[in-house]
Amino acid sequence: KQPGEVIRIASGCKDEEAAALRKMHNEQIKIMSDKFHLHITPDFSGPKHYYYYNKPYGLRHWFEHYLGYPNKNDADDAIIMLLDPDQILLRPLTHDFTDTNTIYL
């Protein structure tokens, strides 16, 4: 029941891997909802293969190429949640923080 879109950002795929990922996404994921998207970015790990660069620079690539940041302002008030594959949501994330009995950490 989480509102909004779900975008998987995949960085550093070779052409064959990207094609297989797109095929799997279209055949197995997208059929569940039109709100599931896939964004493939270049490899940002550099010549020393520092793979940890893929996450922040892949996110920036998505900001610039999917959202059009900084020129397009449609998502200026959007809430963007970054999850790793081993994380889950226990309840929907919303922008309504009016319940004073709930503590947000």
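Modeller: A pocket, in the sense used here, is an open set of grid points where a 1.4 Å probe fits, with protein on both sides within 12 Å along at least five of seven lines. The model discussed is a predicted one.

Biologist: How much space lies in the largest pocket?

Modeller: The lining of this pocket takes in 36 residues, and Val6, Ile7, Met81, Leu82 and Leu83 are the ones that lie nearest its centre. The space in the largest pocket comes to about 1300 Å³.

Biologist: Which element supplies the largest share of the lining of the largest pocket?

Modeller: Read along the sequence, the protein chain follows the pattern β-α-β-α, and both α2 and β1, which spans residues 6-11, supply at least two residues each to the lining. The lining residues divide into 23 nonpolar, 8 polar and 5 charged. The largest share, 6 residues, comes from β1.

Biologist: Does His61 count as buried or exposed?

Modeller: His61 has its place in helix α2, which covers residues 54-65. Buried means under 20% relative accessible area, and because the relative accessibility of His61 is 15%, this residue counts as buried.

Biologist: With which side chain does the side chain of His61 make a polar contact?

Modeller: Leaving aside residues up to four places away in sequence, His61 touches His39, Ile40, Thr41, Pro42, Phe44 and Tyr66. A polar contact requires a pair of N or O atoms within 3.5 Å, and the side chain of His61 makes such a contact, at 2.8 Å, with the side chain of His39.

Technical notes: Residues numbered from 1 in each chain as written. Predicted model: local features only at pLDDT ≥ 70, side-chain atom pairs only at ≥ 80, totals over all residues. Heavy atoms only, no water. Helix = DSSP H or I, 4+ residues; strand = E, 2+ residues; numbered from the N terminus. Buried < 20%, exposed > 50% of the residue type's maximum accessible area, 1.4 Å probe, protein only. Polar contact = N/O pair within 3.5 Å; in protein donor to acceptor, adjacent residues only side chain to side chain. Contact = heavy atoms within 4.5 Å. 1 Å grid on protein atoms, 1.4 Å probe; cavity = no way out; pocket = protein on both sides within 12 Å on 5 of 7 lines; lining within 4 Å. Points joined across faces, edges and corners; volume = space filled by probe spheres on them. Nonpolar A, V, L, I, M, F, W, Y, C, P; charged D, E, K, R; others polar.
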